[in-house]
Amino acid sequence: MARRRRNAQPIPTWSWQEQAACRGMDLGLFFGPDGERQPEREKREAAAKKVCFSCPVRLQCLEHALTYPENYGVWGGMTEDERAAERRRRRRLASAAA
């Protein structure tokens, strides 16, 4: 479990990355170039997600990206738009539970 900072956000731990399926791969697969067209982006993101879905630390990666938040690229099998939607969903659930 990560320690917490004064602002209540956990201090990140990166040890999970040692087992990541993407370790050593070209980051261009997970982070597209500026000006990338939609068809190319969809193909690249699908290929990145394929790597993520076979990854033994996918959930740790996704939680990291949702917590800090990572605003760009594919993390834990989700694109930036999918992660933004998941953060909104979690906020709604937290508000409903309060």
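Reader: What is the order of the elements from the N terminus on?

Author: In this predicted model, the elements of the protein run α-α-α from the N terminus. The protein has three helices and zero strands. Of its 98 residues, 29% count as buried.

Reader: Why is Glu 80 called buried?

Author: The relative accessibility of Glu 80 is 18%.

Reader: What makes the pairing of Glu 80 and Arg 41 a polar contact?

Author: Their side chains are joined at 2.6 Å, and the cut-off for such a pair of N or O atoms is within 3.5 Å. Leaving aside residues up to four places away in sequence, Glu 80 touches Arg 41, Asn 71, Tyr 72 and Gly 73.

Reader: How many aromatic pairs does the count give?

Author: The count comes to one aromatic pair. Its members are Phe 31 and Trp 75.

Reader: Why is the pair of Phe 31 and Trp 75 called edge-to-face?

Author: The ring centres lie 6.2 Å apart, and rings pair if their centres are within 6.5 Å. The planes stand at 80 degrees, and an angle over 60 counts as edge-to-face; the pair is therefore edge-to-face.

Reader: Which parts of the chain does the pair of Phe 31 and Trp 75 tie together?

Author: Phe 31 lies in the segment before α1 (38-53), while Trp 75 lies in the loop between α2 (58-67) and α3. The pair therefore ties together parts that are 44 residues apart in sequence.

Reader: Why are α2 and α3 described as roughly perpendicular?

Author: Their axes come within 10 Å and cross at roughly 75 degrees. Angles of 65 to 115 degrees count as roughly perpendicular, and α2 and α3 are therefore placed in that class.

Reader: Which residues make the contact of α2 with α3?

Author: From α2 come Leu 62, Glu 63, Ala 65 and Leu 66, and from α3 come Arg 83, Glu 86, Arg 87 and Arg 90. By class, this contact has three nonpolar, no polar and five charged residues.

Conventions
Residues numbered from 1 in each chain as written. Predicted model: local features only at pLDDT ≥ 70, side-chain atom pairs only at ≥ 80, totals over all residues. Heavy atoms only, no water. Buried < 20%, exposed > 50% of the residue type's maximum accessible area, 1.4 Å probe, protein only. Polar contact = N/O pair within 3.5 Å; in protein donor to acceptor, adjacent residues only side chain to side chain. Contact = heavy atoms within 4.5 Å. Phe/Tyr/Trp six-rings, centres within 6.5 Å; stacked < 30°, edge-to-face > 60°. Helix = DSSP H or I, 4+ residues; strand = E, 2+ residues; numbered from the N terminus. Axes fitted to C-alpha atoms, helices over the stretch in contact; angles between N-to-C directions. Parallel < 35°, antiparallel > 145°, perpendicular 65-115°, else oblique. Nonpolar A, V, L, I, M, F, W, Y, C, P; charged D, E, K, R; others polar.
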